[in-house]
Every structure is written in C-alpha cells, then in structure tokens.
Amino acid sequence: PFPALLLMPLVPFYGRETPDVLVLALTALVGVWAFHALLARLHGTQDRTRLACATLTFALGTAMHYGAAMGNVWLHAQITATVLQVCALLAAVNGRALAAGLLLGLSVLTRPTTTLAAPFAAWLLWSRREREPEAAGPGPRQWLVLALPIAAAAALHAAYNQARFDSPTDAGYHYILM
C-alpha cells in the first residue's frame with residue numbers, strides 16, 4: 001500500500017490525471033542519488049570512473065530507467081521498494097539504525113519480501129567499526145530500533161491483508177489477471 005500513499009497528496013488536485021509518472025521518475029532519481037551515495041560511502045570516491053559506471057548501471061540497467069517512464073502500479077511498487085531499500089542501506093552505513101529501520105519498514109509496506117534486506121542493514125551497522133575505527137559499534141538499542149519498525153510494518157501489512165483477503169499472509173497476488 002505504501003506507493004499509493006506517495007500519490008495521495010496529489011489526488012485532490014489532479015484527480016484521475018494525477019502525474020504518477022512524474023512521482024515515479026522523482027522516486028527513481030532519489031534512488032539513483034542514494035545508490036551513488038551508498039557506493040561512495042562504502043568504497044570512497046577515489047575511483048570516480050568506477051563510481052560513475054556503477055551508478056549508471058543502476059540508473060540505466062534496472063527498472064529505474066525503463067519503469068519510471070511507464071508509471072503503472074506494479075512498477076511503482078518495484079521502484080519504490082528498491083529506492084527505500086537503497087536509502088535504508090545508506091542510513092545503515094551512516095550508523096542511523098532508526099532511519100534504516102523506518103525505511104525498511106516502509107519497504108515492507110511496499111513489497112513484503114524486502115524484509116530480506118534487514119540482515120544487510122544489520123551487517124552495515126555492525127561493520128561500520130571496521131570502516132571507521134572511531135565509530136561506536138551497535139549495541140542492543142540500535143538492533144532494537146532497527147528491528148522494531150520492520151516488525152511493526154510487517155504486523156501492519158498482515159492486518160491489511162487480513163482486512164482485504166481474510167488472511168494475514170495473503171497479499172492478493174493470485175488475484176492478478178495476467
């Protein structure tokens with residue numbers, strides 16, 4: 001349900017003509033920026049050519065490029081989930097456990113399988129001391145603030161599914177006509 005929340009503020013102004021492609025393109029641009037920042041933070045900026053090539057590969061070789069111009073529901077979910085994951089990993093690499101947890105929680109409300117990114121965020125928090133010896137290692141509080149928003153979002157998504165399909169685990173994929 002989360003991608004729809006991004007569009008909701010525009011619907012009162014534009015109605016059925018809401019510029020969903022514009023919202024999706026802006027979302028994808030945020031993702032490309034966050035991916036670049038994540039790589040720069042992890043690997044440095046000394047090799048600018050490699051950084052530019054990796055960023056361009058993400059920008060042009062994924063749904064960020066072709067999907068942003070299409071603007072359908074499925075691509076909104078795919079791109080939004082990817083952007084939220086990349087932003088969450090960027091927050092984790094910067095030692096911001098709560099921001100990482102909130103962003104991953106929102107990604108769970110976009111695509112439930114994105115819960116699988118949580119171990120990577122935890123690893124980035126944990127390995128920060130290796131990259132920055134002066135940084136404090138994560139304690140129990142940081143693990144908790146990372147995990148709680150994800151668990152809360154998963155519970156909210158289960159309640160949403162229960163209300164829609166009478167089952168907390170039924171996300172409705174089998175109802176899609178393809």
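Are Phe35 and Phe58 buried or exposed? Both Phe35 and Phe58 are buried, a class that requires under 20% relative accessible area, with exposed set at over 50% and partly exposed in between (1.4 Å probe, protein chains only). The model is a predicted one, in which local features need pLDDT of at least 70 and side-chain atom pairs count only at pLDDT 80 or more, while totals for chains, interfaces and linings use all residues. Residues are numbered from 1 along each chain as its sequence is written, and side-chain values use heavy atoms, with hydrogens and water left out.

Two aromatic pairs are present in the structure. Rings of Phe, Tyr and Trp (its six-membered ring) pair if their centres lie within 6.5 Å, and planes under 30 degrees apart count as stacked, over 60 as edge-to-face and the rest as tilted. The rings of Phe35 and Phe58 form a stacked pair, with centres 4.2 Å apart and planes at 10°. This pair links distant parts of the chain, since Phe35 belongs to helix H3 and Phe58 to helix H4, 23 residues apart. Helices here are DSSP runs (H or I, at least four residues), as are strands (E, at least two), numbered from the N terminus. The rings of Phe165 and Tyr175 are also stacked, with centres 5.0 Å apart and planes at 20°. Phe165 sits in helix H10 and Tyr175 in the segment after H10, so this pair ties together parts that are 10 residues apart in sequence. Phe165 is partly exposed at 24% relative accessibility, and Tyr175 is partly exposed at 48%.

With contact taken as heavy atoms within 4.5 Å, and residues up to four places away in sequence not counted, Leu146 touches Ala97, Ala100, Gly101, Leu104, Ala118, Ala121, Ala122 and Leu125.

Two buried threonines deserve a look. Thr55 lies in helix H4 (residues 48-60) and has a relative accessible area of 9%, so Thr55 is buried. The side chain of Thr55 reaches the backbone oxygen of Leu51 at 2.9 Å, a polar contact (a pair of N or O atoms within 3.5 Å; within protein, one must be able to donate a hydrogen and the other to accept it, and residues adjacent in sequence count only if both atoms are side-chain atoms). Beyond its neighbours within four places in sequence, Thr55 is in contact with Val32, Phe35 and His36. Thr114, in the loop between H7 and H8, is buried at 6% relative accessibility. A polar atom of the Thr114 side chain lies 2.7 Å from the backbone oxygen of Arg111. Leaving aside neighbours within four places in sequence, Thr114 is in contact with Ala81, Gln85, Leu104, Ser107 and Val108.

Asp166 lies in the segment after H10 and is exposed at 64% relative accessibility. Its phi is near 60°, a positive value in a residue other than glycine.

Finally, the whole structure has zero disulfides (pairs of cysteine sulfur atoms within 2.5 Å). Cys53 is partly exposed at 45% relative accessible area, whereas Cys87 is buried at 16%.
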